[in-house]
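Please look at the sequence and the structure below before reading on.

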Amino acid sequence: MLNLRSAVRGRVLLPGDDDFANATRPWNLAVEQPVAAVVDAEDADDVAALVRYARDNGLTVTAQPSGHGASGDVDGVILLRTRHLDELRVDADARTARVGAGVSWGEVLAVAGPLGLTGVPGSSPVVSVAGYSLGGGLSWFGRKYGWAADSVTAFDIVDADGRRARVTAESDPELFWALRGGGGDFAIVTALEFDLHPAPQLYGGRVLWSADRAPEALAAFREITAGAPDELTVWADLLHFPGSAPLVAVDATYLGDPAEGRALLRGLDGIGTPISDSRAAMPIAELGTIAAEPTNPSPGLSRGELLTELTDVTVKTLLSEPIRPLLSVQIRHLGGAFAQPSDSPHGPLTEPYAIYLFGIPTTPETAAAVHTRQHDLIASLAPHVGDRKPFTYLAPGENAADTFSPGTLTRLQTIKRNRDPHGVFRSNFPVLAGTRD
């Protein structure tokens, strides 16, 4: 593979090179990536040159803008980094944005927010727009605007023959459909365009209590979400940080007047004296401060599911014993536009809530304990757990069949075979590997 250096203009790292091991690491440091090479493409033409090289040499390419969502299924492949594809253009009049594959949501919001506009971002500002959108995109603002992928209007891609193309619903409806939430298995996306949405005001923040207030906090969470307008999104978190006492939090965003947002969340005001309360009018660019997720790579073990309901029994099960060794158990309210028709591979999210379990594998023993606790907690909730999950909730050991209906998975597999018959591309969770146990 030494001649790879002459095939592309970007930096090429091979086993044995300085910084190779560091360059292979995904966002989740608990995932190993035994890749054959790492390429930092200079631009879209460089991506095309890399794909042609891989095609001609019977190799496979996987693209990771930020490394989020890595599964570790990359043995012997070429890892493509797209940080140099950093184009970012916002048209305030047209309410549109165009971004390169290396651009993060935080960068988009820093430009769009002061213009009174927003995309459909997730909870972390450092997640790439491209990778997030290819997985559908489960957003703070999804109750109002649906999947992030629903707002995408065009993709710039490199196909399996190394040719650049622009893909829209009109130019290539099948590939456009697959890219809007079917993962990165069909082409390398070098840029994308999407609609922005009005966001003249944002109210949000976190209220944090000691864990003894969890029954009251979850009761208020259920009451608020039962009648929440689509502009309001509320998440509940059971937290247990190492070396600290357990906690409970409620996070919220409201796309509207702060006084209205405060009134909608007044059910939180009577729950004792909180440890902290950061609710306030805030710039869109500070959205990532609410959940305060790490902005540097770190190890973690996650499991996500959809919940068909959140009842007294469900809450009692969640609170029946401490969450440790888990760091957090988060419940997200869905509904609203999520449940509306969506011409995307996942389709509508009809389940009203999602649950996300996270722990840190500090030792092999801790990792095993985290997996066991995740399994046991989901098993205890089994009557209320949906039969599939969002693509971006997939974790190592799961596959595309855990996300897509059988008919959708078959359609995605057909597109994969037609567009990439020699397997030049591999996503984090390849559709051809999708089988349900």
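## From the whole chain to single residues

The secondary structure of the protein chain comes to twelve helices and 19 strands, where helices (H or I, at least four residues) and strands (E, at least two) are DSSP runs numbered from the N terminus. The radius of gyration of the chain is 21 Å, close to the 22 Å that the globule rule gives for 437 residues, so the chain is as compact as a globular protein of that length; this radius is taken over C-alpha atoms, and the rule is 2.2 Å times the number of residues to the power 0.38.

This is a predicted model, in which local features need pLDDT of at least 70 and side-chain atom pairs count only at pLDDT 80 or more, while totals for chains, interfaces and linings use all residues. Residues are numbered from 1 along each chain as its sequence is written, and side-chain values use heavy atoms, with hydrogens and water left out.

Of the 437 residues, 57% count as buried, a word that means under 20% relative accessible area, with exposed over 50% and partly exposed in between (1.4 Å probe, protein chains only).

Five strands form an open sheet in the order β5-β6-β10-β8-β9, with antiparallel pairing; two strands pair if DSSP finds at least two bridges between them. Its edge strands, β5 (88-91) and β9 (164-167), each pair on one side only. Strands of a sheet pair through backbone hydrogen bonds, either parallel or antiparallel. Between β5 and β6 (residues 96-100) the antiparallel pairing runs over four bridges, and valine 90 stands opposite alanine 97 in β6. Helix α4 (residues 105-112) lies across β5, β6 and β10 (188-195), running at about 35° to β5, where axes are lines fitted to C-alpha atoms, for helices over the stretch in contact, and angles run from 0 to 180 degrees between N-to-C directions.

| Residue | Loop | Contacts |
|---|---|---|
| Alanine 41 | between β2 (37-40) and α3 (44-56) | Asp46, Val47, Leu80, Arg81, His84, Leu85 |
| Serine 66 | between β3 (61-63) and β4 (78-81) | Trp27, Arg81, Val126, Val127, Ser128 |

Alanine 41 is buried, with a relative accessible area of 1%.

Note on methods. Contact means heavy atoms within 4.5 Å.
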